[in-house]
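I wanted to look up charged side chains that pair with each other. These are my notes.

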Amino acid sequence: MSEEEPQEQQNDEDLRYFVRIGQTDLDGTKSVERSLSEMNGIGRRTARLIADEAGVDRTATFGRLDDDVIETVVEVVENYADEVPDWLNNRQDDFYSGETTHEIGNDLQLTRQHDINRMKMIDSYKGVRHKRGQKVRGQRTKSTGRTEGTIGVNVEEIREEQAEEAAAEEEDEGE
């Protein structure tokens, strides 16, 4: 038993618990594919493509990789838009620049917020829906998405009220 303990401690020393890509900390205790997919703008398919492009086993623990291998993964993530076809990028034909890019991390959230603000300013249909806090993508609103209190009829409360009224009537008749 004592032989296994030093081996576990040595493995824990090699493990990097956090791997930083851009402005995002990724979990180093998970596999490469799983930890990359936790980043905004990178899903499971994109994470698999990045791992294949970097030449890394996607099931390997991300924190146990060498520094140069991690740097290779970081470079592939940063240059992802150049390596894949345009239809696989998440920002096609940008409104302002007309370029096709792949946004990740905080940049994705910022560009999404800019797009929503632009729609609100020009009072497009989607912008008006955003302003009102209603569903934007054509979902049903008759029965879902309600923000008010109770939905439907609470049968138990009605029965309790009827029982109280019946008890009150019986008391009145008994007097």
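The entries below go through some salt bridges in this predicted model.

**Entry 1: the count.** I began with a reminder to myself: side chains of opposite charge can pair when their charged atoms come close. Then I searched the whole structure and got eight salt bridges.

**Entry 2: Glu33 and Arg48.** I picked the salt bridge between Glu33 and Arg48, where the closest N and O atoms sit 3.6 Å apart. That still counts, because the cut-off is within 4 Å. Where do the two residues lie? Glu33 is in helix α2 (residues 32-37) and Arg48 is in helix α3 (residues 44-54), so their pairing ties together parts that are 15 residues apart in sequence. Glu33 is buried, at 12% relative accessible area, while Arg48 is partly exposed, at 39%.

**Entry 3: Glu33 again.** Arg58 makes a salt bridge with Glu33 too, and here the closest N and O atoms are 2.8 Å apart. This pair links distant parts of the chain: Arg58 is in the loop between α3 and α4 (67-78), Glu33 is in helix α2, and they are 25 residues apart. Arg58 counts as partly exposed, with 30% relative accessibility. Which residues end up joined?

**Entry 4: another pair.** I then looked up Lys131, which forms a salt bridge with Asp123; their closest N and O atoms are 2.6 Å apart. Asp123 is partly exposed, and I noted 47% for its relative accessible area.

How values were computed: Residues are numbered from 1 along each chain as its sequence is written. This is a predicted model: local features need pLDDT of at least 70, side-chain atom pairs count only at pLDDT 80 or more; totals for chains, interfaces and linings use all residues. Side-chain values use heavy atoms; hydrogens and water are left out. A salt bridge is a side-chain nitrogen of Lys or Arg within 4 Å of a carboxyl oxygen of Asp or Glu. Helices (H or I, at least four residues) and strands (E, at least two) are DSSP runs, numbered from the N terminus. Buried means under 20% relative accessible area, exposed over 50%, partly exposed in between (1.4 Å probe, protein chains only).
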